[in-house]
Amino acid sequence: MAKFSVAALVFLLAANNGAAFAPPTSRPCRSISSLQQSTRAAPAEAEVSTKSSPSPESTLHRPQDSTAAPSGERRKILKEPALWEYNFGLQDPNLTLPHGITTRVTAPEKYELTEDQIRTLEEDGVVHIKGVFDDEWVEYLRSATGHQVSNPHFWAFAGTASRLYDYIQRNIWQTNKAFADFYYHSAMGHVLAQAGRTDEIRVSTDLLMVNPNKGFKWHQDNQNGPITPEEGIRFWITMDETPAAYGAPVYLKGSHRNTAVDEAAVFVDIEGDGLEDYKDELLEFRTMPGDMLVWHPRTIHKVDGPSDGIWTSYRRVLGGTVAKAGSKYHDKRGTGGVLSDLGRHGLEDGNKLSSGFFPIVYPRFEKAEAMERDNGSVGRDPRDIVSKIGGLAGKASGEKFSSFFKLLRCLWLSLNKIQYLPLNINTLKHHRYDNQNGPITPEEGIRFWITMDETPAAYGAPVYLKGSHRNTAVDEAAVFVDIEGDGLEDYKDELLEFRTMPGDMLVWHPRTIHKVDGPSDGIWTSYRRVLGGTVAKAGSKYHDKRGTGGVLSDLGRHGLEDGNKLSSGFFPIVYPRFEKAEAMERDNGSVGRDPRDIVSKIGGLAGKASGEKFSSFFKVLGSQAE
């Protein structure tokens, strides 16, 4: 298991999870609350007891500061992880399975449903099944969750940093072996096969959810993976006693049969036409450890959080959607549903849903699919993330998706509260060009560094190839450079090295080839803080770099078109003097990255990045720190 790579961090902050949107203000932050706040504000409740007491192993190890809270003050049981605490890659808590089960050998367990329970699901759209999992299974899930929260994965960053949940991660089974083993060996598959009257169950998508801070107002589930609602079954497996007043879904009885709400919709106005027969029939359940909730994906429901957003107890849930036998793969590009299908599985629209990305768990898991998961072949892929989400942005210009982008923008604004900047570079082994210069050509730009610390003698500052800005061998869009390649013979042996001191500047041509070395062991015992970038000279034009890696430094909604004069508050003048109007644009939050442009511009990059020219770029995005 590796800590996140800087390259992957930069990509995901720009396209999925960047710290530099427009500066947050109180109004956008309130808007995320109003968008996600449940329609009923539940009263705050004191910590509840649980049916089975967790062992030390299953405790979540990110408690708040142990300093006693002032009298009457409620303090969250979990704190948000620091950015550097996130991990990348596969994780394995090395847990022993209950009941003497041998991992990847023992057949899955069974749990019999009654015909009444199955009919309740079919008629009401939801059924509460009590006590499916005994104390051993509950303890296993709590321990797996405790390990996950103590070692947060980068795929949890967006939901956790936005404070929608204390912890939330999609497709947890792909990265955490304990949850994959739970699906392979527990009775979950048998329960859902009976509930759906089917002889096969595949996991389409899942979520680990710990403490919803604001709740979600009335909605239907459209993050079901690449299947239709009729092909899917939703599930919840609870690990804690749910508070009496909030924390568990409230459903509209029979609403899965409604024909008024579009299948692609998320939030639902239950006062709207066509829902008169459902809006007043509420089904509420207080789930206990080991219980399951099973419902139809179109059943309308909501989840309330505590009114003050503070959980003093745990509400740990493993949920998601499974696919029944005969399900087909449905390519949902252009809809919000694509967000739960971001893997490079190769399936095309209409194909049978048969892939290790959607593993079979009933009647029995397949060893070949489990092996794909274990060797890291199954998971999200940067190329698909940007192309699929880019497709969403391209089609999301109408009213149908307006709330989706409001939600996305508010989530990004909340991420701006993170006050962390990578100060030290750990490893960079290759000579490189600067192609992240914004929407200008190399000849229009000047690169700069301003140093705040004494650079170590042996590493930390760029090393340049003297005169290499005049070379004609390296393509302008390239990033990494093989200095042994043809056309660089006159430059490769003339190195320029500088040991910068606080207050120094380095200034260079964007095409000057250089590298930056980190300490050999990747460990900095001092700071190397630098402010750097690219400025544009007088007369510079705007160059639309969609389809190249250079687009990543131009993700704002400024309205400039290719060939326009580079004159915009997004690219502010600083000499001979700043402009007050441009500064005001920055101060009021009008200048910054925009979700619609992020996904459309990066989507355009992925769409064109099929050739050799961009192969190294995507290797960078998917790389992991060593």
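Modeller: First, a definition: axes are lines fitted to C-alpha atoms, for helices over the stretch in contact, and angles run from 0 to 180 degrees between N-to-C directions. Helices (H or I, at least four residues) and strands (E, at least two) are DSSP runs, numbered from the N terminus. This is a predicted model, in which local features need pLDDT of at least 70 and side-chain atom pairs count only at pLDDT 80 or more, while totals for chains, interfaces and linings use all residues. Residues are numbered from 1 along each chain as its sequence is written, and side-chain values use heavy atoms, with hydrogens and water left out.

Biologist: At what angle do the axes of α4 and α7 cross?

Modeller: Helix α4 (residues 135–150) and helix α7 (residues 177–185) cross at roughly 155°, and their axes come within 9 Å. Therefore α4 is roughly antiparallel to α7 (the term applies to angles over 145 degrees).

Biologist: Which residues make the contact?

Modeller: From α4 they are W137, Y140, L141, A144 and T145, and from α7 they are A178, F179, D181, F182 and H185; contact means heavy atoms within 4.5 Å. These residues divide into 7 nonpolar, 2 polar and 1 charged.

Biologist: With which residue does D181 form a salt bridge?

Modeller: D181 pairs with K177, and the closest N and O atoms are 2.8 Å apart. A salt bridge is a side-chain nitrogen of Lys or Arg within 4 Å of a carboxyl oxygen of Asp or Glu. Both residues lie in helix α7, 4 residues apart, about one turn of the helix.

Biologist: Is D181 buried or exposed?

Modeller: D181 is buried at 4% relative accessibility, and K177 is buried at 18%. Buried means under 20% relative accessible area, exposed over 50%, partly exposed in between (1.4 Å probe, protein chains only). Salt bridges that share partners join R104, K177, D181, R373 and D374 into one network.

Biologist: What about R142 and D240?

Modeller: Their side chains form a salt bridge at 3.9 Å, N to O. R142 belongs to helix α4 and D240 to the loop between β7 (232–238) and β8, so the pair links distant parts of the chain, 98 residues apart. Both residues are buried.

Biologist: Turning to the sheet, in what order do the strands lie?

Modeller: The order is β6-β11-β8-β9, an open sheet of 4 strands with antiparallel pairing; two strands pair if DSSP finds at least two bridges between them. β6 (215–219) and β9 (282–284) stand at the edges with a single partner strand each, so one side of each has no neighbour in the sheet.

Methods
Parallel < 35°, antiparallel > 145°, perpendicular 65-115°, else oblique. Nonpolar A, V, L, I, M, F, W, Y, C, P; charged D, E, K, R; others polar.
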